[in-house]
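Please open the model in your viewer and keep a selection panel at hand.

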Amino acid sequence: MSFPFLNTIVAQLWPNINIAASNMIKEIADPMFKSMLPAPLSTLHFTKVDLGTVPIKFSHAVATRTERDGIKLDLNLDWEGNSDMELDGEMIPALIGAAQISFVNPPSLKLDFTGAANIADLGVIHSSVCQVLLTIINGMATLPNRYLVPIDAHNDYFNTYLYPLGILRITVEKAWGFAEEAKSGAKKLFSKLTRASPDCYARVEVGAEEAWETKTRNNTTTPVWNEMHDFIVSDVEQCLTIKVMDADVGSDAEVGLAVLLVKEFLAAGGGRQELQLVREGKDTGGKVSVSCEYLTFAGEPDSFSAAEHKGDDGRLCGLATILVAGAFDVQGKREELKPSVIVTWGKQHKFQTAQLAATPGVDINNPTFNQNFRVPLTTDLVGSSSAAESFRIALMNGEQEVGGVDVPFADVVKAPNMVLQSKFDVGGGATVRASIGLRGVRAASMRQSLPARPKQ
C-alpha cells in the first residue's frame, strides 16, 4: 500500500519541516554532546543544521487496526538528502485524533563531515558523534519510545497509547566457529605466539530497550553462556540483535553480529535458532545459538503467578503502565506556574513528566502531559512489600508538591482488566487524569502470536 498524497504534503511543507527539525536537533543535541562525549570533544556544538531541499519519503505502508479502534501505520522512511551541518570545536496532520511517530528499529547513521570538521571523519570521533545522535533518536522515537503529535485537541491519550505486545524470553546458549577471524592483524600474531583466545560475551538488544549482556567467558573460541533475559516487545517487526564481543582493555572488539526479526522467531515457532555471525558485512564462519519463548500480556490477576515465569532469575511476570494525560484546575498565577506530575511506587520507582511553563498556546492551569511510564514486574516484586504499597500521584509546581493521592495496588488489581483510569483528586480543587494498568503474562503459541495483516 502506498500513500502518494502523504509524500506530496511532506514535499510541500518540507521548508517548514526543515527549519523546525533543524532547530530541534540543535537544541537537543548540543547539551548531549557536552554531557556524553569525552572531555576533548565535549565542546562540539552545531552552528548550522540544514537538512537540504530533498524531502523524506514514505513507502511500503501497511495499515492495521489497534484494539482501541485506532489505526497503526508501518511505513518505510527513505531519505537521500544532502544535508549541511556545521560543527564548531514528520508525519503530517490528517483527519485523525493524533499520530505517533517512531522507528521500529534503531536507524543506521552515516555521517560525512566537510570543511574544518573533516577531522571528525576519524574513527573514534565519527563513532562518538554518531553514538550521541543515535542515543537522541532512540530515546525520542525508536520503539518503545514514540513522538506523539496531537492533532485533535479533544483526542483521548488513553485511547491513543499503544501498549506493548508481550515478552520475548531469550536464552543465549553458545557461540562457535569464529576462531580468530575477528581479531586485528596484531592480535592474530599475538594469539599465535601465546595461543590466547578471545574473552567472549554476548550483547543483546531489542529496539531501544535497555541492552543486556551475558557474563564473559575467558580465553575461549567456543563460549557457552546459557543465560536468559526478558525483553518487552512493542512490534513484531523489531530486530533482535546479538553481538558477540571480545572483552579487551580500552575498548572491546566485535567478533560477530547476528540479527533476526521478532516475527521470524514467532513464525518459526520459537525454540532453538542457530544464527550466522557477520562482521562488517562479511560472514565470519561463526554461529551463535539462542532459544526463545514468547509470552503475551494478560489482564487477569492470576497471570502474575503462572508457572512459566516463576523463579529467582529475574524473569518478568508482567508490566505496570502509568499514563498521565493532564491536570485540571491548577490554582495559581499563570506566570508563576510550572506544573508537572510525579508518580512513585515503592522506594525504587519514581517518574516525572515534563515541567511546563506558561507559553503561548499552553493552558497552564489545565496542562496536558500525555506521557507514559513503565515498571517491568517480577514475581518477587509483585509478591513483596511493594505490592502492598500504593501508587502515589503528586501534582507539582516547580519543586513544591501541590497535592497528591495514593492509589492502592489492590485497587488496580480489582479494576476491570486491571486498568484503573480516573480524574484523581489531588487536593486544592485540582485533579490529575491518569491511568494505571497492570498486565501479567501467559505462554502463547508462537505462530498464533503474529498479528493479522490486511491484504494490500
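Begin by selecting S291, which counts as buried at 18% relative accessibility, where buried means under 20% relative accessible area, exposed over 50% and partly exposed in between, with a 1.4 Å probe and protein chains only. The residue is found in strand β14, residues 282-298, strands (E, at least two residues) being DSSP runs numbered from the N terminus. Not counting residues up to four places away in sequence, S291 touches R169, I170, T171, E173, G271 and R272, a contact being heavy atoms within 4.5 Å.

Residues are numbered from 1 along each chain as its sequence is written, and side-chain values use heavy atoms, with hydrogens and water left out.

Next, select S435 in strand β22, residues 430-443, which is buried with a relative accessible area of 0%. Leaving out residues up to four places away in sequence, S435 touches F158, Y163, T321, I322, L323, V419, L420 and Q421.

From there, move to V432, which is one of the residues with the most contacts inside the largest nonpolar core, alongside L377, F391, I393 and L438. That core has 34 residues, a nonpolar core being a set of buried Ala, Val, Leu, Ile, Met, Phe, Trp, Tyr and Cys residues joined through side-chain atoms within 4.5 Å. Apart from it lies another core, of 29 residues, among them A202, V244, V262 and C292. Returning to V432, its contacts beyond four places in sequence include V324, V341, I393, L395 and F424.

Now turn to W79, in the loop between β3 (71-78) and β4 (84-88), which is partly exposed, with a relative accessible area of 35%.

Finally, colour by pLDDT, the predictor's confidence in each residue, from 0 to 100. The protein averages a pLDDT of 82, and 83% of the residues score at least 70. Over residues 90-94 pLDDT stays under 50, and the model has 15 contacts beyond four places in sequence for them; over residues 452-456 pLDDT also stays under 50, with 11 such contacts. Where pLDDT is low, the predicted coordinates should not be read in detail.

Methods
Predicted model: local features only at pLDDT ≥ 70, side-chain atom pairs only at ≥ 80, totals over all residues. Helix = DSSP H or I, 4+ residues; strand = E, 2+ residues; numbered from the N terminus.
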